[in-house]
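Welcome! Here is a short briefing on how two parts of one protein chain meet. Take a look at the model first, then read on.

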Amino acid sequence: MANQTTKVRAAIVGLGWPGMQHLKGYTVDPRSEVIAVCDLDKTRVQEVAAEYKIPNTYTNHLEMLKNQDIDAVSVCLPNFLHAPISIDALNAGKHVLCEKPPARSAQEAKAMADTAAQNRKTLMYALVQRFDGNTQQLKQLVREGELGDIYFGKAGYVRRRGIPIGREGWFVDKERAGGGALIDIGVHALDCVWWLMNSPRPVEVMGTSYSHFKHLVPDNVKYDVDDATFAQILFENGATIILETTWALNLPGDNYIKVAGTKAGATLSPFTLYTEENGKGLDKPLSAPSINGFDEEVKHFVECIVDDKEPISSAEQGIMLMQMLDGIYESAEKGQSVSIADISAKGK
Ligand SMILES: NC(=O)c1ccc[n+]([C@@H]2O[C@H](COP(=O)([O-])OP(=O)(O)OC[C@H]3O[C@@H](n4cnc5c(N)ncnc54)[C@H](O)[C@@H]3O)[C@@H](O)[C@H]2O)c1
């Protein structure tokens, strides 16, 4: 779509909170506009279309995909719909920006990547933490070599109490969500720290998962997912990531990203560079402009379509990210470490 004169015409399927963040992102970018919205909830579709003056409304995504004017689709749906609806959109010739997690498994993410490649369309994952001001600024320091070779990362997304349920309880149903805290919020923390470490290839994972907070959801809701997962991941380049993620834990909530390299280390919060002077530790406060991660994420997607570029959160990275999550869940189930080579050999 290089040298385009018209705007990228986007559609949003799924008008929950993330869907609305995507919609606003396209609206503020002068190179894009939203021309269609789709949700099962007809009233919601009508309300959003009226508020944002969107001409085309649908309650069925297949009907929406027949609209030849749509160039790109944001898939902001429950996890079990990421793969099938992204694949439908790619096969209909649309570019796709799919919400996190990429899918329920690496196998689904692979099918999505293959479909994007066959149709020569952009498939990008909406991994919004990469687009926050501090993360972008730190990534720039990493690119400039300020941290040296990064060999350790630690990431946490820990809620004391905060189990989402979603429409018809899909968040806490393994079949529909693919997992619990790890696939829902752990994916944000893991992806962010992994990207800052230049996305090394994972080789081995060890994980433990727990489910102790069923009493926090209504009795009639099926609950068969992890509410806490802890993991260690080893990479081809020798690096290590330690991850902790919980929807509920009897400790204070915590959200952190830490990376350490041969020259310096850094944390996103407090946003600080940890370096050395005369053999002693020296802390250097960092700062970054405050930006809206969702706007930046959508802007990047639009830019990739217009300039024919590979997204930073690409289809291939989505597969690797899902291999790590699959590996952690399998390791937790087996009670032993799992090799990523075995995960990919199983077609995952
Ligand atoms: N990036 C973030 O910070 C962030 C935050 C929350 C959720 N998410 C992700 O966004 C996705 C959606 O989460 P949610 O909390 O909005 O879920 P949700 O249960 O609120 O569902 C979103 C919307 O999708 C609609 N929907 C469901 N099935 C549909 C279908 N077949 N066709 C059309 N519309 C359909 C529902 O009616 C609902 O309005 C999930 O994958 C979740 O992981 C991301």
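Across the interface of domain 1 and domain 2, five residue pairs are in polar contact, both residues at pLDDT 80 or more; a polar contact is a pair of N or O atoms within 3.5 Å, where within protein one must be able to donate a hydrogen and the other to accept it, and residues adjacent in sequence count only if both atoms are side-chain atoms. This is a predicted model, in which local features need pLDDT of at least 70, side-chain atom pairs count only at pLDDT 80 or more, and totals for chains, interfaces and linings use all residues. Residues are numbered from 1 along each chain as its sequence is written, and side-chain values use heavy atoms, with hydrogens and water left out.

**The two domains**
- Domain 1 covers 8-129 + 294-312 and domain 2 covers 133-290, with bounds from an automatic or database domain assignment.
- Their C-alpha centres are 26 Å apart.

**Where they meet**
- In domain 1, 14 residues are in contact with 18 residues of domain 2 (heavy atoms within 4.5 Å).
- Two salt bridges cross the interface of domain 1 and domain 2 (a side-chain nitrogen of Lys or Arg within 4 Å of a carboxyl oxygen of Asp or Glu).
- Arg104 and Glu175 join their side chains in a salt bridge, 3.7 Å from N to O.

**Cysteines**
- The structure has zero disulfides (pairs of cysteine sulfur atoms within 2.5 Å).
- Cys76 is in no disulfide, and the nearest cysteine sulfur, that of Cys98, lies 8.1 Å away.
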